[in-house]
Amino acid sequence: MKVLKYIILGATISLTSSCGEGWLDLDPSTQIETDSAIQDLSHVEYSLNSIYNVMRDAYYYSGRMTYYGDVTGDDVQANGLTKRTSNYYLMNMTRDTAPSTHWSYAYQIIRNCNIILSQIDNLEHSSAEQARFNDLKGQTLTLRGMALFELTRLFGYPYTKDNGASLGVPILTEVVGVDYKPSRNTVAECYAAFVSDFEEAAKLLSEKFNKGKVNKWTAMGYLSRAYLYMGRDAEALAMAKSTIEGAESNKYALWTNAEYPTIWASDVEAAKPGEQLFEMVNLTTESPGKESMGYLCSSSGYSDMILTSSFYDLLTEDEDDVRAKLFLIKSKKAYINKYQPQASENMQDANIPVMRLSEIYLIAAEAASKLGNHNDDAVKYLNAIVQRANPAKSVEGEIITLDRVLLERRKELYGEGHRMFDAIRNQRRIERVNGSSSAVSSTKHYELLPESKSFDWNYFRVVLPIPKGEINTNPNIVQNPEYGNN
Ligand code: CA
């Protein structure tokens, strides 16, 4: 009964709270009504849909959460100083100016997942419904793990920097009231928590394609990524291999060279899931609006971000690389063209790839390259990506280094939210310099703080400050180093 009381309390508060209450400051319209809603599996499904809706928001995967890792790196930059991406690109945020949405949206997802998980085991269901029950519980655990993963890499230093000893974010696994004032857990504790969620989820989830939803291969893909970020390379390689094998036996496949330039606009279906292990399915009827990647990346939309001239040089060093077809040149600037709307949609409704099978191949190659005695695997998985990009190329017979894999990751995953995280977790530097191609001669870096121009994992701004509202309402929360303590 104690748990039930808390749930009712939580629901009442969520409908009456005003702005500025830190992580409990939630938008009532997307809050699960906890006192009556979850009574059977269809209610769980309904509640999960509301969580997926939060994830599709332009302040989450359809926009801000995705471009963060790109514009803080060296491959993509803001196209001006008053763009939505500008302050992220400039890396000039202070504890007073940093956005609160990364924190509040992720905790909204975690809170809603916890409400489901606090009740789902008590729901009666027939044995015929067992598979559905398992799948829904597995989805909930995966979404909770993903939100904690995002929070940990946004607010905590890379695991590999100090073996996870520095501060991550508070881990919430239960339904709690408004007066709950958690402290930050360590990065290592956060990793242990979401690895556990992904492991449990992978045992429960369906193997089948589920449009716009996570399945077993998504959870295993996230496990591979988590192990890679931790430096547990043998486990990252083994899990990536299992993910690739399992997904491909369920009709997933790398896109082909011929498909690659335009398949981003395809509407993925069960008969041909392609390589979308998880995507945000945006529709015109449920549009994320003009703050979304499709509109931000287009020169006829907000034209918010462009390729840096140095990355343009890198990407076009092989003019037959198919990935050089995923930008459009206009007025000597290169606009990312991965966010192509599906048939009869507006550009802001383009779907958002969150995890592609290509990334899992690159995880396998990276982990193998670090293990030292697995060059055959490094060649095999890297070659699949290299040859897909240009069938005339091959890495057969080469010793694959980490930097060779990271170069391929940049070319494959640009504009999909990875670059800054990939550099800093590998103790590489981000160097913001200008290239020389005349095709993008109007693209130059804007004036950057010296420390934002060239940095590695020691720069304090590779993590965001804890939002001001959270610091003000929770005395147990410690601010990140060099951002100040209040
Ligand atoms: Ca769409």
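**View 1. Helices α6 and α8 are roughly antiparallel to each other.** Angles over 145 degrees count as roughly antiparallel, under 35 as roughly parallel, 65 to 115 as roughly perpendicular, and the rest as oblique. Please keep in mind that this is a predicted model, in which local features need pLDDT of at least 70 and side-chain atom pairs count only at pLDDT 80 or more, while totals for chains, interfaces and linings use all residues. Residues are numbered from 1 along each chain as its sequence is written, and side-chain values use heavy atoms, with hydrogens and water left out.

Helix α6 covers residues 130-155 and helix α8 covers residues 187-204; they pack at an angle of about 155°, with axes 8 Å apart. Helices (H or I, at least four residues) and strands (E, at least two) are DSSP runs, numbered from the N terminus. Axes are lines fitted to C-alpha atoms, for helices over the stretch in contact, and angles run from 0 to 180 degrees between N-to-C directions. The crossing of α6 past α8 is left-handed, a word used if the near helix is turned anticlockwise from the far one by less than a right angle (clockwise is right-handed).

**View 2. Here are the residues where α6 meets α8.** From α6, the contact takes in N134, D135, K137, G138, L141, T142, R144, G145, M146, L148, F149 and T152. Their partners in α8 are V187, C190, Y191, A193, F194, D197, F198, E200, A201 and L204. By class, this contact of α6 with α8 holds 12 nonpolar, five polar and five charged residues. Contact means heavy atoms within 4.5 Å. Ala, Val, Leu, Ile, Met, Phe, Trp, Tyr, Cys and Pro count as nonpolar, Asp, Glu, Lys and Arg as charged, and the others, Gly among them, as polar.

View 3. Buried means under 20% relative accessible area, exposed over 50%, and partly exposed in between (1.4 Å probe, protein chains only). Apart from neighbours within four places in sequence, E150 is in contact with Y60, Y61 and M65.

**View 4. On α8 again, the view turns to its packing with α9.** Helix α9 (residues 216-230) and α8 pack at an angle of about 150°, with their axes 8 Å apart, and are therefore roughly antiparallel to each other. Their crossing is left-handed. On the α8 side you will find Y191, F194, V195, F198, E199, A201 and A202, and these meet K216, A219, M220, Y222, L223, A226, Y227, Y229 and M230 in α9. The contact of α8 with α9 has 14 nonpolar, no polar and two charged residues.

**View 5. Helices α14 and α15 are oblique to each other.** The axes of α14 (residues 375-389) and α15 (residues 402-413) come within 11 Å and cross at roughly 45°. This crossing of α14 and α15 is left-handed. L382, I385, V386 and R388 in α14 meet R404, V405, E408 and E412 in α15. Sorted by class, the contact of α14 with α15 has four nonpolar, no polar and four charged residues.

**View 6. The structure holds zero disulfides.** A disulfide here is a pair of cysteine sulfur atoms within 2.5 Å. For C113, the closest cysteine sulfur is in C190, 16 Å away and too far for a bond. C113 is buried, with 0% relative accessible area; C297 is buried too, at 2%.

**View 7. G63 sits in the loop between α2 and α3.** Helix α2 runs over 41-55 and helix α3 over 64-71. G63 is buried, with a relative accessible area of 0%. Leaving aside neighbours within four places in sequence, G63 is in contact with D57, A58, E291 and M293.

**View 8. N163 and S344 have a positive phi although neither is a glycine.** Most residues other than glycine have a negative phi. For N163 the phi is about 60°; this residue lies in the loop between α7 (159-162) and α8. N163 counts as exposed, at 58% relative accessibility. S344 has a phi of about 65° and lies in the loop between β5 (333-336) and β6 (352-356). S344 is also exposed, with a relative accessible area of 80%.
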